[in-house]
Amino acid sequence: MPQRRKSVFPWPSSIFHGWWIVAATFTMAFIYSGFYFYDFTLFVTPIMTDIPEVGAAIEPAFLVAGITGALLSPLLGGFFDRRGPKLVVGGGLLLGAAGFAIMGVMTQPWHVYVGLTFASLGPIVIWAGGIPAVVNWFSRLQGRALGMTMVGLGLGGILTRPSLLVMETIGWRDSFLVMAAVILVILLPLVLVLRRRPEDYGMRPDGAPPDEEEPRAAAVFQAPVVYGLTFTQILRAPTFWMLAGLLFLAFWPIGALQVHQSPYMESVGYSRQAAADAVGAMAVITIVGRLGGGWLADLTDPRRATVLALTLQAVGIAAFAISRPETPYPLILFLLAFAPGFGGITVLQSALLATYFGRRSFGAAQGVLWTVTSVAFSLSPLVARQSEVFLGGMQQGFLMFAAFSVASAILVYMLLPRPGIVRVRADAPVQEPVAAPSAGRHGEDR
């Protein structure tokens, strides 16, 4: 048994440390997602008004930030698998705070390129360090732990109205500087809570005691290596690239809304306050999908949950495209359909990855998935803007993104195999459980 490492903090022994990791990652996701994913759309209009040349550079700057993140994600995921989450998440949060500070003083277009690129590293490192840590510390409860963690991403939406009030009080520049300070003072210390794997500290996933007879937990603990495929084997598995392609289609509407949700709503007649409320409500309602997606991932075939989430997302983004102040029902449908669908996808992509490939190289594999989804996420704001020229309006761009989600939903059952650790041809040395569980996403191996 590996020697138990000492913790920096004297945590209560009755609480499994995995839940402290969930709490820390939840808090990081809550605050950073509120600042970067939900609040940023409120800054677009005042930036374009005050500094038009900088405002015109926002969409291409997002593309540059996305490409940078796409290149870094596999490296960060591999570093997590080798060294753990502290350096990954800590370094990224420092650079993220610097990015918000730069945007608070920007005067030239190149400033927004640098600022957004640095700011975009925060979600990347939380995804490359915090989320893999949660996955590694849980097995039977993995989907629920992920769902609870991802709730933070949704709750970040409640920061939109307070952020708008702060912006109207002190201005958008000082608001960016306040965000940078919050990241340094509140989020950075939470990095000390993160740990790579329970096996490194003489523990088991889910907090299982050494004498527990639960087959999967016992197999994970007694195996000479952590259960799952190596990174090379994952890259050789066709299922991995099928999953990456499906997620590529799924992330187009999410990226477009991050930049254009408030400006688009203002352009069709909504007030900025109404747009801020819609952004916040959407984010909070995603909690239903995040918790529900994690729960379904533990109890049933995650492909069914994924089809449901993608269908809801498609219906919701199509409703958003046609919503107008005088006819509120499409906006209500957008909130009730898109938000749970989008929330479910954020959980299910990690659940599917762990289902098919295990925990052994989860960080590096998730880094590659982030690379693929970042391309769609970062291209979509620019494509949405260009749809005004080539498709006759941004409305048509949102409808096109809805079609992408429909295509992804249809392809889930056509391309993905039944749940279970996939085999990579005949030479795959995978450490398997003594006995396969009877149901849920840890089902029979293919």
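Helices (H or I, at least four residues) are DSSP runs, numbered from the N terminus. Axes are lines fitted to C-alpha atoms, for helices over the stretch in contact, and angles run from 0 to 180 degrees between N-to-C directions. The model is predicted, so that local features need pLDDT of at least 70 and side-chain atom pairs count only at pLDDT 80 or more, whereas totals for chains, interfaces and linings use all residues. Residues are numbered from 1 along each chain as its sequence is written, and side-chain values use heavy atoms, with hydrogens and water left out.

Helix H18 spans residues 362-390 and packs against helix H7 (residues 121-136) at an angle of about 145°, the axes lying 9 Å apart. H7 passes H18 in a right-handed crossing, the near helix being turned clockwise from the far one by less than a right angle. On the H7 side, Pro123, Ile124, Trp127, Ile131, Pro132 and Val135 meet Phe362, Gly363, Gln366 and Trp370 of H18, where contact means heavy atoms within 4.5 Å. By class, this contact holds eight nonpolar, two polar and no charged residues; Ala, Val, Leu, Ile, Met, Phe, Trp, Tyr, Cys and Pro count as nonpolar, Asp, Glu, Lys and Arg as charged, and the others, Gly among them, as polar.

H18 also packs with helix H13 (residues 238-250), here at an angle of about 35° and with the axes 8 Å apart. This crossing of H13 past H18 is right-handed. Residues of H13 in the contact include Phe240, Trp241 and Leu243, and those of H18 include Ala365, Val368 and Thr373. The contact of H13 with H18 comprises twelve nonpolar, one polar and no charged residues.

H13 in turn packs with helix H14 (residues 252-267) at an angle of about 35°, with their axes 5 Å apart. Phe248, Leu249 and Ala250 of H13 touch Trp252, Pro253 and Ile254 of H14. These residues divide into six nonpolar, no polar and no charged.

Methods: Helices (H or I, at least four residues) and strands (E, at least two) are DSSP runs, numbered from the N terminus.
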